[in-house]
Amino acid sequence: DKNHRGYIAINTSTDVTTNQDGSLRNSVTTIQSEDTYDITISANEDGEGDDEWTSHSVTKFVGDERTEVTTVTNADLSIRSKEKTVLGADKVSQERWVDLNQDGVFQATDKVYEVTVDSVTGDRTETAFTRSADGALISRTQTVTSDDGLTINTTASIYNEDGSLHT
């Protein structure tokens, strides 16, 4: 059985909920590729036969780095949400983007989270960005944890509408 992208599906399942009279209340269909790196989930939430949304998640590897992109589309194929997560080769470093303006393209202003590890000290820096729908930075919280985990330093910054640091 092949899914809509042509991959051989190793696992296809449909969960169905019916009303007392036996009519369809809702259903969710999951199709997973043989390598499990391509997953499509479709949901018929109102029982009328058409899927209201579809989630498609693809995981790719470049060397030891893993990138996962999940796109959720509405029935009319407009983008409901899109997220990308990159996990570094060290399995700790990572970046997460959310397509804030829902145009299907990730801009630098779509980054909402990152973790980096200092190669010399081993300190881990975790940064969370709060952004408006147009990508403007609202706040940033940064936590630095020492290699041994005994020292933690957190700073929070709030930004004005013009992007300047709020004082």
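**Entry: Ser-57**

I looked up Ser-57 and found it in strand 4, which covers residues 53-62. Strands and helices here are DSSP runs numbered from the N terminus, a strand (E) having at least two residues and a helix (H or I) at least four. I noted that the model is predicted, that local features need pLDDT of at least 70 and side-chain atom pairs pLDDT 80 or more, while totals for chains, interfaces and linings use all residues. Residues are numbered from 1 along each chain as its sequence is written, and side-chain values use heavy atoms, leaving out hydrogens and water.

Is Ser-57 buried or exposed? I recorded Ser-57 as buried, because its relative accessible area is 12%; buried means under 20%, exposed over 50%, and partly exposed in between, with a 1.4 Å probe and protein chains only.

I then asked which side chains make a polar contact with the side chain of Ser-57.

Two strands pair if DSSP finds at least two bridges between them. Val-72 stands opposite Ser-81 of strand 6. Four residues lie between the strands of this hairpin, where Leu-77 takes a positive phi near 75°.

Strand 6 also pairs with strand 7, again in the antiparallel sense, over five bridges. For Lys-84, I found the bridge partner Trp-97 in strand 7.

**Entry: positive phi in loops**

Most residues other than glycine have a negative phi.

Where is Lys-91 found? Lys-91 is in the loop between strand 6 (79-87) and strand 7 (94-98). The hairpin of these strands has six residues between them, and Lys-91 takes a positive phi near 65° there.

Gln-102 lies in the loop between strand 7 and strand 8 (111-117). Its phi is near 55°, a positive value in a residue other than glycine. I recorded Gln-102 as partly exposed, because its relative accessible area is 41%.

Methods: A polar contact is a pair of N or O atoms within 3.5 Å; within protein, one must be able to donate a hydrogen and the other to accept it, and residues adjacent in sequence count only if both atoms are side-chain atoms.
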